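Please keep the model open while reading.

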Amino acid sequence: MAILNPTPTDVTPDMPDIARLARSLPVPEGTVYPYELVSIEGNTAFVAGQIAKRDGALAHVGRVGAETDPETAVASARICAEQALAWLNHSAGGLQNLRRILRMTCYVAHDDTFQDISRVADGASNYLIEALGDAGRHVRAVIGVKSLPRNAPVLIEVTAALHANP
């Protein structure tokens, strides 16, 4: 699956170097399940829930506070956000077509002792803001759950505004 990489002349001036960011993104990880990974309606892109996959496998597994520590969960959230951007780059006409991130929902699988789920979500939020500047600022919801697909510690969904419908 090829990733669309904008040329330097495609860079949006109010965002960080989008061409360099697009080239640094991992290959978007697919799924074997029957759903779309990105759905675009008008100028809005909805990215399906992303777990922290790298090279076809989960980067981390287990519930936070039990099998996974908080720092690993924060790193997992960051990988999820990278995957969301990789899918936007691939499906939305390149990152130069991204106007801004509108919303992120972060699900954190944790045991009964762990309560700092917002800190885990910060891993994804901070990455989006570091990568996209003000265009990465977003509203968010953080939800604690008992389990996630494939025993992932974190899953994020992203909604983004586009400049144009690709």
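**Helix contact and pocket**

Pro-70, Glu-71, Ala-73, Val-74, Ala-77, Arg-78, Ala-81, Glu-82 and Leu-85 of H2 are in contact with Arg-119, Val-120, Gly-123, Ala-124, Tyr-127, Leu-128, Glu-130, Ala-131 and Leu-132 of H3. By class, the residues of this contact between H2 and H3 are twelve nonpolar, one polar and five charged. The model is predicted.

**Geometry of H2 and H3**

- Helix H2 spans residues 70–91 and helix H3 spans residues 117–132.
- The axes of H2 and H3 lie 7 Å apart, and the two helices pack at an angle of about 40°.
- H2 and H3 are therefore oblique to each other, since angles under 35 degrees would count as roughly parallel and those from 65 to 115 as roughly perpendicular.
- The handedness of the crossing of H2 and H3 is right-handed.

**Largest pocket**

- The volume of the largest pocket is about 290 Å³.
- The largest pocket is lined by 15 residues, of which Thr-31, Tyr-33, Tyr-35, Ile-51 and Lys-53 are the closest to its centre.
- Strand E2, residues 44–51, supplies the largest share of the lining of the largest pocket, with four residues.
- The lining of the largest pocket consists of eight nonpolar, four polar and three charged residues.

Key: Residues numbered from 1 in each chain as written. Predicted model: local features only at pLDDT ≥ 70, side-chain atom pairs only at ≥ 80, totals over all residues. Heavy atoms only, no water. Axes fitted to C-alpha atoms, helices over the stretch in contact; angles between N-to-C directions. Parallel < 35°, antiparallel > 145°, perpendicular 65-115°, else oblique. Left-handed = near helix turned anticlockwise from the far one by under 90°. Contact = heavy atoms within 4.5 Å. Nonpolar A, V, L, I, M, F, W, Y, C, P; charged D, E, K, R; others polar. 1 Å grid on protein atoms, 1.4 Å probe; cavity = no way out; pocket = protein on both sides within 12 Å on 5 of 7 lines; lining within 4 Å. Points joined across faces, edges and corners; volume = space filled by probe spheres on them.
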